Amino acid sequence: MPTKILVVDDSATMRKILEMTFAGEDADVVTVADGQSAIAKAAEIVPDVVFADVSMPGVDAYAVSHAIKSNPALAKTAVIALSSQHNPYDEAKGQAAGVDANVQKPFDTQAVIDLTAQVLKAPRAVAEGAAPAPAAPAVPRT
């Protein structure tokens, strides 16, 4: 089953770069241009991972992550923040919002693919005030 990836960035170029990054992978990439649309689209498609820009006007990566992690149906969704040298990642805000990882732009595409795989295998971060994601049901041994 392909990995469902939601990309939210106000830069059309960055959305296209991330689409191209995962083009050769077993992934379905959906893109949106703003944080409010990302929250609505995430509820619709339930992605495995969301890439969100920290410097979007209005609803930024931190707000997107907090909204996703606060929704029980999306709590297991990984969130990777996209930052840059001009708009650095705020570790404290990221932790409070439940961001799972950060990538600084520009990035090496293979490093992003590898980070995505690593994040998807790790336990998810939890936003402050959000309930932890429900545990996976135990598989009975036969």
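These exercises work through the sheet, a helix pair and some local features of a predicted model.

Residues are numbered from 1 along each chain as its sequence is written. In this predicted model, local features need pLDDT of at least 70 and side-chain atom pairs count only at pLDDT 80 or more, while totals for chains, interfaces and linings use all residues, and side-chain values use heavy atoms, without hydrogens and water.

**Exercise 1. Give the strand order of the sheet, and find its edges.**

Step 1. Take strands (E, at least two residues) and helices (H or I, at least four) as DSSP runs, numbered from the N terminus. Two strands pair if DSSP finds at least two bridges between them.

Step 2. Read the order: β2-β1-β3-β4-β5, an open sheet of five strands with parallel pairing.

Step 3. β2 (27–32) and β5 (101–105) each have a single partner strand, so one side of each lacks a neighbour in the sheet. Those two strands are the edges.

Step 4. Check one pair. β1 (residues 3–8) joins β2 in the parallel sense over six bridges. Ile5 has Val29 in β2 as its bridge partner.

**Exercise 2. Describe how α2 packs against α3.**

Step 1. Axes are lines fitted to C-alpha atoms, for helices over the stretch in contact; angles run from 0 to 180 degrees between N-to-C directions.

Step 2. α2 and α3 (residues 61–70) pack at about 20°, with axes 9 Å apart. The two helices are therefore roughly parallel (angles under 35 degrees).

Step 3. List the residues in contact (heavy atoms within 4.5 Å). Gly35, Ala38, Ile39 and Ala42 of α2 meet Ala63, Val64, Ala67 and Ile68 of α3.

Step 4. Sort them by class. Ala, Val, Leu, Ile, Met, Phe, Trp, Tyr, Cys and Pro count as nonpolar, Asp, Glu, Lys and Arg as charged, and the others, Gly among them, as polar. The contact has seven nonpolar, one polar and no charged residues.

Notes
Parallel < 35°, antiparallel > 145°, perpendicular 65-115°, else oblique.
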